[in-house]
Amino acid sequence: MLDWRLDRETWDEPTAPLEPAQPRSHPWLRRVLIVLALGVLIAGAVVWKYYTEGAARLRADVQRSVDLETWVWQRGDAEVYATLLDATADPQWLNGQRESIQTARGSTDSPSTAIVEDVDLRGDVALATIRLAYPGNDPPPARQMRFYRRVEGRWLQTAPVPSFWGAERDLETKYFRLRFRERDEEAVKTLAGRIDEFYEHVNSDFGVTGNVSSKVTVEVVPATFAMLSPPRRDRLRVPSPELNAVPVNDSPADILAWEVGSAVVDMAANQVVLRDLALRSPRADRIKHAMSRWEVRTRLRPRSQWGSDPEQTAALKARLAAGNLPVLADFDRYVAADAGLADTLVDYIARRYGARRFADVLRVLRQQWPLQETIPRVLGVNLADFEQGWHQYLEEIYRR
């Protein structure tokens with residue numbers, strides 16, 4: 001057995017504090033850490049230099065393709081333009097691109113410069129953000145997104161790739177089921193706050209009746225107009241506002257308002273005057289488009305005036321200044337009637353007689369009636385009196 005004892009004298013005796021152990025010094029370890037830190041810094045600088053130089057080279061490569069496209073567009077050379085397109089792209093997109101340059105041949109609306117501002121590369125596909133400038137800044141500078149695929153060392157323009165637009169999203173309102181992708185979320189949410197009231201106004205103006213309990217599906221998709229099907233009663237598809245060449249100061253939300261608003265008006269008009277309006281009467285189709293623009297401008301009120309033509313407005317002002325007042329027969333005399341003139345006509349009808357007469361006008365026009373006979377028939381007014389009121393309206397709007 002262990003026997004031990006503490007005496008009182010030793011119990012209270014203070015003991016000396018223990019000194020903390022001093023760490024051992026390892027100079028070689030510090031040297032290793034310093035070398036590693038320097039290595040990380042150098043590697044980071046090399047990677048950053050490689051990335052920035054690579055991004056600059058990529059942007060320069062895509063810029064060369066964009067420059068060639070701009071040069072070809074200015075000359076309207078459809079054959080050369082076809083060689084700048086990705087032959088493996090969506091056939092509808094390819095057809096749309098080929099038709100667009102055919103339509104633009106001889107036009108003065110081609111951009112004078114197109115500058116690549118940014119490029120997002122994923123695999124062999126690049127999404128380029130491009131700033132467009134036009135002669136005399138008319139129209140104003142615009143921004144557009146284009147896709148390019150690397151094919152045998154060349155960057156060829158290709159159809160939109162949905163994965164660049166992010167995950168799919170859904171949003172529902174009283175009358176609409178909105179489907180879109182992450183990139184367009186902010187624009188869609190802005191539209192969602194206004195679309196139901198707009199829908200009610202349009203249906204009222206065009207006399208659409210019946211069951212509206214079933215919701216209309218609106219899909220905002222990364223695609224061009226050529227890739228989309230015509231609107232149906234329960235389904236609309238519109239391109240992402242990011243893909244349009246639009247003024248740099250216009251917001252995606254305003255552009256989306258124009259796209260969806262116009263599609264909603266088309267849907268309402270189709271229900272009351274049928275889909276073949278453009279085939280039965282191009283004149284009626286032009287007036288319908290003017291009605292669509294009026295509805296969007298008046299009901300949705302986007303800040304952007306996207307779709308308006310400053311040149312047509314200037315031409316109309318010059319015409320009025322010269323005393324050359326328009327008449328309804330102008331719409332029958334010219335195959336390609338001035339869209340700006342149609343806008344003024346529709347605006348006058350809405351102000352003087354009410355937008356609810358729109359559908360009545362379209363129904364009669366669809367039967368191939370001339371406009372100078374349609375207006376008196378539908379509105380119950382003498383032709384001379386109507387044109388006099390229209391002229392007074394033009395004087396008030398365009399000469400002030």
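User: Let's start with strands. What is the bridge partner of R131 in strand 3?
Analyst: The partner of R131 is R143, which belongs to strand 3. Keep in mind that this is a predicted model, where local features need pLDDT of at least 70, side-chain atom pairs count only at pLDDT 80 or more, and totals for chains, interfaces and linings use all residues. Residues are numbered from 1 along each chain as its sequence is written, and side-chain values use heavy atoms, with hydrogens and water left out.

User: How many bridges join strand 2 and strand 3, and in which sense do they pair?
Analyst: Strand 2 (residues 125-133) runs antiparallel to strand 3, with eight bridges between them. Strands pair here if DSSP finds at least two bridges between them. The elements are DSSP runs numbered from the N terminus: helices are H or I with at least four residues, strands are E with at least two.

User: And what about strand 3 and strand 4?
Analyst: Antiparallel again, over five bridges.

User: Which residue has a positive phi in the hairpin of strand 3 and strand 4?
Analyst: That's E152, with phi near 50°, in a hairpin that has two residues between the strands. E152 is not a glycine, yet its phi is positive.

User: Is E152 buried or exposed?
Analyst: Exposed, with a relative accessible area of 81%. The cut-offs are under 20% for buried, over 50% for exposed, and partly exposed in between, with a 1.4 Å probe and protein chains only.

User: Where does R301 lie, and what is its phi?
Analyst: R301 is in the loop between helix 9 and helix 10 (310-321).

User: OK, rings now. How many aromatic pairs does the structure hold?
Analyst: Twelve. Rings of Phe, Tyr and Trp (its six-membered ring) pair if their centres lie within 6.5 Å; planes under 30 degrees apart are stacked, over 60 edge-to-face, and the rest tilted.

User: Why is the pair of F147 and F164 edge-to-face?
Analyst: Because their planes are at 80°, with the ring centres 5.3 Å apart. F147 sits in strand 3 (residues 142-151), while F164 is in the loop between strand 4 (154-158) and strand 5 (168-172), so the pair links distant parts of the chain, 17 residues apart. Both ends are buried: F147 has a relative accessible area of 2%, and F164 has 4%.

User: What about W294 and F358, how far apart are the ring centres?
Analyst: The centres are 5.5 Å apart and the planes are at 90°, so this pair is edge-to-face. W294 lies in helix 9 (residues 282-300) and F358 in helix 13 (residues 358-366), so the pair ties together parts that are 64 residues apart in sequence. Both residues are buried.

User: Which residues form an aromatic cluster?
Analyst: Y348, Y353, F386 and Y393 form one. Y353 also has the charged end of R352 over its ring, 5.0 Å from the centre. To count, NZ of Lys or CZ of Arg has to be within 6 Å of the ring centre and within 35 degrees of the ring normal.

User: What lies over the face of W165?
Analyst: R183 does, at 4.5 Å from the ring centre.
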